[in-house]
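Work through the exercises below with the structure open. Try each task before reading its solution.

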Amino acid sequence: MSVTHTEIILRSRDGEPLRCDIRYRPTGKAKPVVLFVHGFKGFKDWGPFPYVRERLAEAGFVAVGFNFSHNGVGEDLHTFSELDRFARNTFTRDLHEIEDILEIVSAKDELPIEACEIDSNRIILFGHSRGASEAILSGADTSDIRAVVAWAPVATFHRYSERQKQIWREQGYFEIENARTGQIMRLNVSLLDDIEQHAERLDIPAHATHLGELGKPLLVIAGSEDLTAPVKESQEIAAAYGPSVKLTIIERTGHTFGAEQPYRGSTLQLEQAIDETIAFMQHSLGIMAA
């Protein structure tokens, strides 16, 4: 049976647009939900992400991808046309929007899918990079989450030197370059304030520890040559979780497992990450592999 793919705009608690897509195989039977969380300078349709969600749908999950309202990507879904929004984003806004999506999924009535197709008692959070770390934070604080998958997570959001933070406060913003597009992208000082004022809420290793205490399964997958989120960060998160964590380091690959934007096809390393992710999700939920 083929995968059904539907695009929809949901609304956050602030009325902001959350552009989503939902992929599943209609069978009339309830299926677990996987909510995919993209990372910094990312979006739901970046590179291999649609392909990854298609694979999840084929494996029997309801795969939901969405764009954070302030990720900078607008109506065309592929370009950073809303840099003013990007500049105003914060980590806590992201976490609130993950909560909003989860509430909508649990309620079911706003989704373009028959309620009988969704098992809202079996939800997995799955993220990449910054989104992986936010999945850990949300997974530890949300009772409905059954398991978490973190691809190439960062262990801290404190990634700026004292000199950079000084310039940030003096100017009221900090500028970064998007290496792929060449765009100069601003981050308002509100993001720095968010990091400093919500240090406990944004403590990734502490939330990984809490995930372990709750007995919620965690899979961490990292590329051995990742320069954006080095392996040591995945290892720190895994160590914080405890001995039952599932940590996989894929050799000879980087932050996106060899995949690119625009998407040019899969890689052996990406396929390994997907296969291990699907197997982990099935095992965590007690699902027999097809």
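Two exercises follow, on a predicted model.

**Exercise 1. Describe the overall build of the protein chain.**

Solution. 
- Start with the secondary structure. The protein chain has nine helices and 10 strands.
- Along the principal axes, the C-alpha atoms fill a box of roughly 55 × 40 × 35 Å.
- Check burial. Of the 290 residues, 55% are buried, with under 20% relative accessible area as the cut-off.
- Finish with the contacts. Take those with a separation of 6 or more: 70% of them join residues 24 or more positions apart.

**Exercise 2. Work out how helix H7 and helix H8 pack.**

Solution. 
- Locate the pair. H7 covers residues 204-214, and H8 covers residues 231-241.
- Take the geometry. The two axes come within 7 Å and cross at roughly 40°.
- Classify the angle. Angles under 35 degrees would count as roughly parallel, and 65 to 115 as roughly perpendicular. H7 and H8 are therefore oblique to each other.
- The crossing of H7 past H8 is right-handed.
- List the partners. H7 contributes Ile204, Pro205, Ala208, Thr209, Leu211 and Gly212. They meet Glu236, Ile237, Ala240 and Tyr241 of H8.
- Sort the contact residues by class. Seven are nonpolar, two are polar and one is charged.

Conventions. Residues are numbered from 1 along each chain as its sequence is written. This is a predicted model: local features need pLDDT of at least 70, side-chain atom pairs count only at pLDDT 80 or more; totals for chains, interfaces and linings use all residues. Side-chain values use heavy atoms; hydrogens and water are left out. Axes are lines fitted to C-alpha atoms, for helices over the stretch in contact, and angles run from 0 to 180 degrees between N-to-C directions. Helices (H or I, at least four residues) and strands (E, at least two) are DSSP runs, numbered from the N terminus. Angles under 35 degrees count as roughly parallel, over 145 as roughly antiparallel, 65 to 115 as roughly perpendicular and the rest as oblique. A crossing is left-handed if the near helix is turned anticlockwise from the far one by less than a right angle, and right-handed if clockwise. Contact means heavy atoms within 4.5 Å. Ala, Val, Leu, Ile, Met, Phe, Trp, Tyr, Cys and Pro count as nonpolar, Asp, Glu, Lys and Arg as charged, and the others, Gly among them, as polar. Buried means under 20% relative accessible area, exposed over 50%, partly exposed in between (1.4 Å probe, protein chains only).
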